[in-house]
Amino acid sequence: MLCWRQKFFDTVPHEPILRAVGKHTDLPWVMLYVRRWLTAPIQQSDGSLEKRDRGTPQGSAISPLLSNLFMHYAFDDWMTRMQPLVRFERYCDDVIVHCVSEKQAHYIKRSVAERFARFGLVLHPERTKIVHCFQDERARHHRYGVEFTFLGYTFPPRYARLRDGRWKAGFLPAVSKSAKKSMAAVIRGWRLGRRTGLNFREVAAMINRIVAGWINYYGRFYKSLLISFLASRINPHLVRWAMRKFKHLHRSPAKARRQLAQIASTYPGTFIHWRHGALPTV
């Protein structure tokens, strides 16, 4: 079962956060500054100030820490005490709870909803759902969903080969559609076709620092899917950049692709996605 709090950072109450902080310090000045951080008014675009009686300051470095302190006591510690045999993973306000039956999943869902209602929080009605993680063909058409997304990875049913050579259905992570959509938006935002003032090395330096982070994170599982995506998105933009950069390639996309492929073959380390196999093709 997956749980998300609706508008968590905007609606999390202040007093439980302060009580959570108080479990780790008795210094008055620390409590004073935490309270000031939480209650500092928000300046609107027209210059007016809006008072706040709940929520954590968006974009603040202290916000993730305070939110996690609250969630530790409101959820982690509560689950450990009330359901010690139920495993779960939580990252900020995103939670996966592992249930052994449909009945248990519905019970846990109700219990979690009631728990957060005590703090004035509501589970997200669409993103909080029960997912059936089947391990054989018989359950493929279960009435619940059969895949979920967590921390930028989608976990769909895939077949994996066991050590004895047999194939078995499992839930193996790969970069999610939403993560690919975000990366595609960043790639378009580079506007490589307009950066003809940069040379090849400068373009590589600009791209590599960002793509390296994507590969390091999303490439940990099912890396081939990520590399295929990067090749299909970045290399065409490099072709358009070369066509605008060099006069002899202006009206010849095929020639530009051939030249880019030749450069990649000779200098495969120029772009970090090339080093991982996302080479341009003719």
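User: What counts as a helix or a strand here?

Analyst: Helices (H or I, at least four residues) and strands (E, at least two) are runs assigned by DSSP and numbered from the N terminus. In this structure, R191 lies in the loop between α6 (177-190) and α7 (200-218). The model is a predicted one: local features need pLDDT of at least 70, side-chain atom pairs count only at pLDDT 80 or more, and totals for chains, interfaces and linings use all residues. Residues are numbered from 1 along each chain as its sequence is written, and side-chain values use heavy atoms, with hydrogens and water left out.

User: How many helices and strands does the protein chain have?

Analyst: The protein chain has 10 helices and 10 strands. Its radius of gyration (taken over C-alpha atoms) is compared with a globule rule, 2.2 Å times the number of residues to the power 0.38. The radius of gyration here is 25 Å, well over the 19 Å that the rule gives for 282 residues, so the chain is more spread out than a compact globule. Along the principal axes, the C-alpha atoms fill a box of roughly 70 × 60 × 30 Å.

User: Is R191 buried or exposed?

Analyst: Buried means under 20% relative accessible area, exposed over 50%, and partly exposed in between (1.4 Å probe, protein chains only). R191 is exposed, at 51% relative accessibility. Of the 282 residues of the protein chain, 41% count as buried.

User: What is a salt bridge, and how many are counted?

Analyst: A salt bridge is a side-chain nitrogen of Lys or Arg within 4 Å of a carboxyl oxygen of Asp or Glu. By this rule there are three.

User: Which parts of the chain does the pair of R35 and E15 tie together?

Analyst: The side chains of R35 and E15 meet at 3.3 Å, N to O. R35 lies in helix α3 (residues 28-39) and E15 in helix α2 (residues 14-22), so the pair ties together parts that are 20 residues apart in sequence. R35 is partly exposed at 41%, and E15 is partly exposed at 42%.

User: Where do the partners R90 and D76 lie?

Analyst: In the salt bridge of R90 with D76, the closest N and O atoms are 2.8 Å apart. This pair links distant parts of the chain, with R90 in strand β4 (residues 87-91) and D76 in helix α4 (residues 63-82), 14 residues apart. D76 is buried, at 14% relative accessibility.

User: How many residues separate D77 and R81?

Analyst: Both lie in helix α4, four residues apart, about one turn of the helix.
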